[in-house]
Amino acid sequence: EKYHSPNQWTNACCSHPRLNESYLDAAKRRIKEELGIDCELTEKFHFIYKADVGEGLWEHELDYVFTGNFDGEFDLNPNEVSEIRYVSIADLQQEIAENPDNFTEWFKIIWAEYRNQLN
């Protein structure tokens, strides 16, 4: 159903805050709407990016990145999510290096920043 970057691996959800909604509240709302879950979230960092996302489209956004832990069942929204999986940091790093086109442009930026914070 996505009009750009469909069926690419990416972050769990994008918050798209509403008027007067905090980024944290938007992230909690969207994780419920997209993955059907509730969990505590912690803000990690934010960044601005501009990227060609194909089909003549560009994104230029301010993104806030949150992390959380969840252990339970998902209720995926099929209009938003086609598949989920758990992957180790090492396996994800290798997969991005070997097959970067399998990942959204913004997730590759998120991943690079997150890796910098791990070091």
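This is a predicted model: local features need pLDDT of at least 70, side-chain atom pairs count only at pLDDT 80 or more; totals for chains, interfaces and linings use all residues.
## Aromatic pairs

The whole structure holds 6 aromatic pairs. One of them joins Tyr-23 and Tyr-64: the ring centres are 3.9 Å apart and the planes lie at 20 degrees. The pair counts as stacked because planes under 30 degrees apart meet that cut-off. This pair links distant parts of the chain. Tyr-23 belongs to helix α1 (residues 23-35), while Tyr-64 belongs to strand β2 (residues 57-67). The two residues are 41 residues apart. Tyr-23 is partly exposed, at 31% relative accessible area. Tyr-64 is partly exposed too, at 25%.

Phe-103 and Phe-107 form a stacked pair as well. Their ring centres are 6.1 Å apart, and their planes are at 20 degrees. Phe-103 is buried, with 2% relative accessibility. Phe-107 is also buried, with a relative accessible area of 11%. Both values fall under 20%, so both residues count as buried.

## A ring cluster and a charge over a ring

Phe-45, Phe-47 and Tyr-49 form a cluster. Ring pairs make the links between them.

The charged end of Arg-85 sits over the Trp-9 ring. The distance to the ring centre is 4.1 Å.

## The crossing of α2 and α3

Helix α2 spans residues 89-98, and helix α3 spans residues 105-118. Their axes come within 12 Å of each other. They cross at roughly 135 degrees. The crossing is left-handed.

Which residues meet here? From α2 come Ile-89, Leu-92, Gln-93 and Ile-96. From α3 come Phe-107, Lys-108, Trp-111, Arg-115 and Leu-118.

## Val-87 in the loop

Val-87 lies in the loop between β2 and α2. This residue is partly exposed, with a relative accessible area of 36%. Its value falls between the 20% and 50% cut-offs, so neither buried nor exposed applies.

How far apart are the C-alpha atoms of Val-87 and Asn-20? They are separated by 35 Å. Along the chain, these two residues are 67 residues apart.

Conventions: Residues are numbered from 1 along each chain as its sequence is written. Side-chain values use heavy atoms; hydrogens and water are left out. Rings of Phe, Tyr and Trp (its six-membered ring) pair if their centres lie within 6.5 Å; planes under 30 degrees apart count as stacked, over 60 as edge-to-face and the rest as tilted. Helices (H or I, at least four residues) and strands (E, at least two) are DSSP runs, numbered from the N terminus. Buried means under 20% relative accessible area, exposed over 50%, partly exposed in between (1.4 Å probe, protein chains only). A charge sits over a ring if NZ of Lys or CZ of Arg is within 6 Å of the ring centre and within 35 degrees of the ring normal. Axes are lines fitted to C-alpha atoms, for helices over the stretch in contact, and angles run from 0 to 180 degrees between N-to-C directions. A crossing is left-handed if the near helix is turned anticlockwise from the far one by less than a right angle, and right-handed if clockwise. Contact means heavy atoms within 4.5 Å.
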